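Hello,

Here is the structure for your files. My notes follow below it.

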Amino acid sequence: MNIPGKLKMEKSPYNRLRHHFSLAKITFWSLVFVGLIYVSFFRSSSSSTAHSDNSRRSLRTSRDWEQRVRASAKIRSQKGISVLVTGAAGFVGTHVSAALKRRGDGVVGIDNFNSYYDPSLKRSRQALLERSGVYIVEGDINDDKLLRRLFDIVAFTHVMHLAAQAGVRYAMENPSSYVHSNIAGLVSLLEVCKSANPQPAIVWASSSSVYGLNNKVPFSEKDRTDQPASLYAATKKAGEEITHTYNHIYGLSLTGLRFFTVYGPWGRPDMAYFFFSKDILKGKSIPIFEGPNHGTVARDFTFIDDIVKGCVASLDTAEKSTGSGGKKKGPAQLRVFNLGNTSPVPVSDLVSILERLLKVKAKRLIMKMPRNGDVQFTHANISSAQTELHYKPTTDLQTGLKKFVRWYLSYYSDGKKSDQ
């Protein structure tokens, strides 16, 4: 794979932005962000009203709901923290919640169990967490009354915000869902957190997609992020600007994590390694994209266990927020980190590994990369995470896929679960 350019270090990401952003670009992005929030709150409100009403009705009728939340939030270690995990029934959310609970932290989850992919997989993850003592509240992060009630019951010290509308290609089918979850949902959560007393420290999932059409690799946190290639990337970039605002005005401690192609057991069915495995086993053709001039498409595949270590380290090193009751009392911590593996692997090599592990030859269909928001390559510079979080990924793709395939065959082998 041809990798253009070498890493150029800058003194400050904010100085970098001044060089790249003209007044016109600043005005443009401001209008985009405001417009997205407007669309979300006013166009998406009707779709979320019924769900929010159902969740509040459930709260009123469930006598043991508050007790379950308190029990799940109970800290069982001397230096433990109390964490609200949004998107707890998701791929990363499940693994992070389980890791926190194992070490004695108090953990309460929230998830809306939407149907972007098979909800039964999310329910299986929920059951897994419940066996370890983690309770997941079924509700939407746009339901501010539900969030406020949770904060009334538990004085969360930290929030791990992983709830989001994921996926690059789906944005072309349902763009409003990205605005509703990734922008309006983030604002809803930050509004509740800013008013909490004490305010929690917040770690949240941004994305490597914010690097967009950048050609310089590996991607550094100091690089420009003003040329997204997809609506998903644009909403994550908007999230980074929004969190900066809440940090500046309200003193919220905020850490953004730019994940690079996370994979592993209990993963998302919309990810290539997952649906490639399904289609290889079914004898179906799998699309292998190539860039211009037959260029290699590669990803910085990062195993879930390494991502979890980065998430937990971010929580452990997060400083306290400095506001109280919505008023800032001093400067607060604001960070962003790449969490990747630093070893991009061509997608064709991924398929070769899966062929060996599944013991089935793949039917490869070589195709030009469509203009659907995907980028040709990703490659993380993790020096900042290494320095501040002591982040050190240890799982290569062969080892990680072996663990995934073992889980996949076990999970779908009993004939009771559908992998459609």
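**Strand S1 and its neighbours**

Strand S1 and strand S2 (residues 106-111) pair in the parallel sense over 5 bridges; two strands count as paired if DSSP finds at least two bridges between them. Helices (H or I, at least four residues) and strands (E, at least two) are DSSP runs, numbered from the N terminus.

This is a predicted model, in which local features need pLDDT of at least 70 and side-chain atom pairs count only at pLDDT 80 or more, while totals for chains, interfaces and linings use all residues. Residues are numbered from 1 along each chain as its sequence is written, and side-chain values use heavy atoms, with hydrogens and water left out.

The bridge partner of Ser82 in S2 is Gly106. S1 also pairs in the parallel sense with strand S4 (residues 158-161), over 4 bridges, and there Val83 stands opposite His158. With helix H5 (residues 91-102) between them in the unit, S1 and S2 make a right-handed β-α-β arrangement; right-handed means that, with the strands pointing away from the viewer, the path from the first strand over the helix to the second runs clockwise.

**Cores**

A nonpolar core here is a set of buried Ala, Val, Leu, Ile, Met, Phe, Trp, Tyr and Cys residues joined through side-chain atoms within 4.5 Å. The largest has 75 residues, and Val92, Met160, Phe259, Tyr273, Leu350 and Leu401 touch the most other members. Helix H14 (residues 397-412) gives the most to this core, with 8 residues. Another core, of 34 residues, lies apart from it and includes Ile153, Ile183, Trp204 and Leu252.

Leaving aside neighbours within four places in sequence, Tyr273 is in contact (heavy atoms within 4.5 Å) with residues including Phe91, Arg268, Leu350, Leu401 and Phe404.

**Helix H9**

H9 (residues 231-250) reaches 28 Å from its first C-alpha to its last, close to the 28 Å expected at 1.5 Å a residue; the expected span is 1.5 Å times one less than the number of residues. Because 14 of its 20 residues are buried, H9 is largely enclosed by the rest of the structure. Gly251 follows H9 and has a positive phi, near 75 degrees.

**Whole chain**

The chain has 14 helices and 15 strands. Of its 420 residues, 56% count as buried.

Regards

How values were computed
Buried means under 20% relative accessible area, exposed over 50%, partly exposed in between (1.4 Å probe, protein chains only).
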